[in-house]
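Thanks for coming. I will go through one model this morning, beginning with the overall layout and then moving to the charged pairs.

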Amino acid sequence: MAETPLWFMAGTFVVLAVFFIIDLFIIGRRPHVPSTKECVQHIAFFVVMALIFGGIVWGVAGAKPAIEFYSGWLTEYSLSIDNLFVFVIIMANFAVPKQLQKFVLSIGITIALILRGIFILLGAAIITRFTWVFFLFGAFLLVTAFKLAFGKDDDEEYHENALISTLRKVIRISDEYDGERLRTTKNGVRYWTPMLIVFLAIGTTDVMFAFDSIPAIFGLTKDPFIVFTSNVFALLGLQQLYFLLGALLDKLVYLPVGLSVVLGFIGVKLIMEALHGNTLPFINGGQPIHAVPEVPTWLSLAVIVVSIGTAAIASVLKMRAVEAKASQRD
């Protein structure tokens, strides 16, 4: 149930729409490789905007929704950084020219945002009617956390999904890009360019990420407005982060461990909430188990900050140690 006023939600959607229009049709329409300075400025702007937005939410709706937003935003942002591994592989797999990669990310992220919005609405409707779904969400996050911590890295190789594989069989796709165009003509024959496939790959792959991120954030808040805005602010600036991190992505060696702690914590929290509001007849006779404690919002934020912060610091220290050993050998 939303705790923020309707006028504030409407105003927020307008401002976020303006952000995306500027990013997509003004900045994104200029194909280029962003400089480090440009990337830092964009990322800093969107991070500051997220912090300010959380403060406004605090003033308008109270501390609880604001802390939920900060928790959700940090979780989604961390998961988005992990997702950049796949973005790098997709760009390399389809040999996207560097000067077009920013434009590709702009379109792909916009597609993903629209699809995530639909997913969020469906998720909100489901949890409103069927609280037992938290058992499924919680179990899914625990399995995901285990795979992140101990499983093999599934991001080492990109595999086309069924939609893209089918599309290749039913339409003509050229081997070469034609700028930003989706259609091109070769020897009098009309072809789709690889740009179409890249757009679909980025967009549909990000929706697959939602199977991790959406259940995770619903474990932090039940307010669809907070869920959606957390996702938007996590996606804004992601393309600049892609270029800024670049080769550093493979050096964030402990990020999966930090994410696994966060997702594991939220998974347990979801199961505890499901038990606290239980309606399943085969558990405690269909009655809620009030002895199960509720996890306070501030504790969720603390666990997220400490887990991701520790993983980041440990990764930096590991990277420096490896570089120091390499310099000693030289």
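A word on terms first: helices here are DSSP runs of H or I with at least four residues, strands are runs of E with at least two, and both are numbered from the N terminus. With that in hand, the order of elements from the N terminus is α-α-α-α-α-α-β-β-α-α-α-α-α. That gives eleven helices and two strands in the protein.

Now the ground rules. This is a predicted model, in which local features need pLDDT of at least 70 and side-chain atom pairs count only at pLDDT 80 or more, while totals for chains, interfaces and linings use all residues. Residues are numbered from 1 along each chain as its sequence is written, and side-chain values use heavy atoms, with hydrogens and water left out.

On burial, I call a residue buried under 20% relative accessible area, exposed over 50%, and partly exposed in between, using a 1.4 Å probe and protein chains only. Of the 330 residues in the protein, 47% are buried.

Next, the two strands. Strands pair if DSSP finds at least two bridges between them. S1, residues 183-186, and S2, residues 189-192, run antiparallel and are joined by four bridges. Thr184 has Tyr191 in S2 as its bridge partner. The hairpin has two residues between the strands, and Asn187 takes a positive phi near 55° there.

On to helix packing. Two packed helices are described by the angle between their axes and the distance between the axes. The axes are lines fitted to C-alpha atoms over the stretch in contact, and the angles run from 0 to 180 degrees between N-to-C directions. Helix H2, residues 36-61, packs with H8 at an angle of about 160°, and their axes are 10 Å apart. H2 and H8 are therefore roughly antiparallel, a label used for angles over 145 degrees, with under 35 being roughly parallel, 65 to 115 roughly perpendicular and the rest oblique. Their crossing is left-handed, which is to say that the near helix is turned anticlockwise from the far one by less than a right angle; clockwise would be right-handed.

Now the charged pairs. A salt bridge here is a side-chain nitrogen of Lys or Arg within 4 Å of a carboxyl oxygen of Asp or Glu. The search of the whole structure finds four of these salt bridges.

One of them joins Lys64 and Glu68, with the closest N and O atoms 2.6 Å apart. Both residues sit in helix H3, residues 63-93, four residues apart, about one turn of the helix. Lys64 is partly exposed at 44%, whereas Glu68 is buried at 5%.

What links Lys222, Lys269 and Glu273? The answer is a network of salt bridges. Glu273 meets Lys269 at 2.7 Å, N to O, and the two are four residues apart in helix H10, about one helical turn. Glu273 also pairs with Lys222, the closest N and O atoms being 2.8 Å apart. Glu273 is in H10, residues 255-276, and Lys222 is in the loop between helix H7 (194-218) and helix H8 (224-235), so this pair ties together parts 51 residues apart in sequence. As for accessibility, Glu273 is partly exposed at 26%, Lys222 is partly exposed at 28%, and Lys269 is buried at 6%.

Last, H10 itself. Its buried residues include Leu255, Val262, Leu270 and Ala274.
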